[in-house]
Amino acid sequence: RYRLNRMRAALAHLPNLDLLLLARRLWKRRVGSCALGSLEQSLLGVRRAVLDIPGALIPLVYNHYLYSGDAREIVRVFYHNQIDVLSMMTLLARQLAIFDAPEAAALPAQDRLSLARYYELLGMPDEAERAYHAALDGDDLPGDDARAGFEALSVLLRRAARRAEAVEQWKRWAARLPDDPAPCIEIAKHYEWHGRDLRKAQAWAVEAYGAMARMAPGPAQEQMRGEIEYRLTRLARKLEGLQ
């Protein structure tokens, strides 16, 4: 509106917080839609009265009032905006509570995972690591989310030159998702190139092959099969050279 009236924005210098962006960072993984109405139902327990009016109709109601002077429907607009403001304040309080206590027992594991990813985005690796551990320590994460969590945490640890800890996370990942060859491959790589233990590298490559065999048939499985077979052949050749 300032632009439309060719005026300098009086609010530009004030701090602001985009609740929608933050809501998407924290809850989209778990609840999907982060529209205020959806979050009211899924997170805040808000049930609007019949008096409410869909936001899309508000301009129409307001224009009708301007042209007719009939303000009867404006009461519904006031109610809608009042609940919007109250819901946004409640939403902000819920968001702040997550940042204050990311390891709270009542916090769903998916929210902890989302918080960890957001901390990484903000360049806060220590906070991200704590949130990843809090998300992964239980068995509450669905399979795809657990995979994403273990992968992100192990990458974070590897970047910090903490490879031994990364190996432990890969082993936890392999135990949690035995049909996923990815962690076994990472461990095989570690022992081949960093741990200097070709026998262990070979053993974990064999584990990866078994996990690959349990994958759903298709192009992804075939590509993984080729990569693992190539790795096993190379390791066998290296071991023969040691004899």
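Predicted model: local features only at pLDDT ≥ 70, side-chain atom pairs only at ≥ 80, totals over all residues.
**Entry: the surface patch**

Leu14 sits in the segment before helix 1, which covers 19-31. Leu14 counts as partly exposed because its relative accessibility is 42%.

Next I turned to the inside. In soluble globular proteins, nonpolar side chains tend to be buried together. The largest nonpolar core here has 44 residues, and Trp27, Leu39, Tyr132 and Leu141 have the most contacts inside it. Another core lies apart from it, with seven residues, including Ala174, Cys184, Ala208 and Met212.

I then checked what Tyr132 touches, leaving aside neighbours within four places in sequence. Its contacts include Leu113, Ala116, Leu153 and Leu156, and also the charged residues Arg117 and Glu120.

Leu136 was my next stop, in helix 6 (residues 125-136). Is Leu136 buried or exposed? Leu136 is buried, because its relative accessibility is 1%. Beyond residues up to four places away in sequence, Leu136 touches Leu141, Ala146, Gly149, Phe150, Leu153 and Arg172.

**Entry: cysteines**

I searched the whole structure for disulfides and found zero. Cys34 counts as buried at 7% relative accessibility, and Cys184 is buried as well, at 5%.

**Entry: salt bridges**

How many salt bridges are there? My count came to 19. I wrote down a few of them.

- Glu73 pairs with Arg76, with the closest N and O atoms 2.9 Å apart. Glu73 is partly exposed at 36% relative accessibility, and Arg76 is partly exposed at 24%.
- Arg172 pairs with Asp137, with the closest N and O atoms 3.7 Å apart. This pair links distant parts of the chain, 35 residues apart: Arg172 is in helix 8 (residues 163-176), while Asp137 is in the loop between helix 6 and helix 7 (143-159). Arg172 is partly exposed at 28%, whereas Asp137 is exposed at 54%.
- Glu186 pairs with Lys189 at 3.8 Å between the closest N and O atoms. The two are separated by about one helical turn because they are three residues apart in helix 9. Lys189 is partly exposed, at 31%.
- Salt bridges with shared partners also join Glu40, Arg48, Asp52 and Asp84 into one network.

**Entry: a few arginines**

Most residues other than glycine have a negative phi. Arg6, though not a glycine, has a positive phi of about 55 degrees. Arg6 lies in the segment before helix 1 and is exposed, at 81% relative accessibility. Arg196 has a positive phi too, near 55 degrees. Arg196 is in the loop between helix 9 (182-193) and helix 10 (198-213), and it counts as exposed at 66%.

Where is Arg234? I found Arg234 in helix 11 (residues 219-242). Arg234 counts as buried, because its relative accessibility is 15% and the cut-off for buried is under 20%. Leaving aside neighbours within four places in sequence, Arg234 is in contact with Glu192 and Trp193.

Technical notes
Residues numbered from 1 in each chain as written. Heavy atoms only, no water. Core = buried A, V, L, I, M, F, W, Y, C linked by side-chain atoms within 4.5 Å. Buried < 20%, exposed > 50% of the residue type's maximum accessible area, 1.4 Å probe, protein only. Contact = heavy atoms within 4.5 Å. Helix = DSSP H or I, 4+ residues; strand = E, 2+ residues; numbered from the N terminus. Disulfide = S-S within 2.5 Å. Salt bridge = Lys/Arg side-chain N within 4 Å of Asp/Glu carboxyl O.
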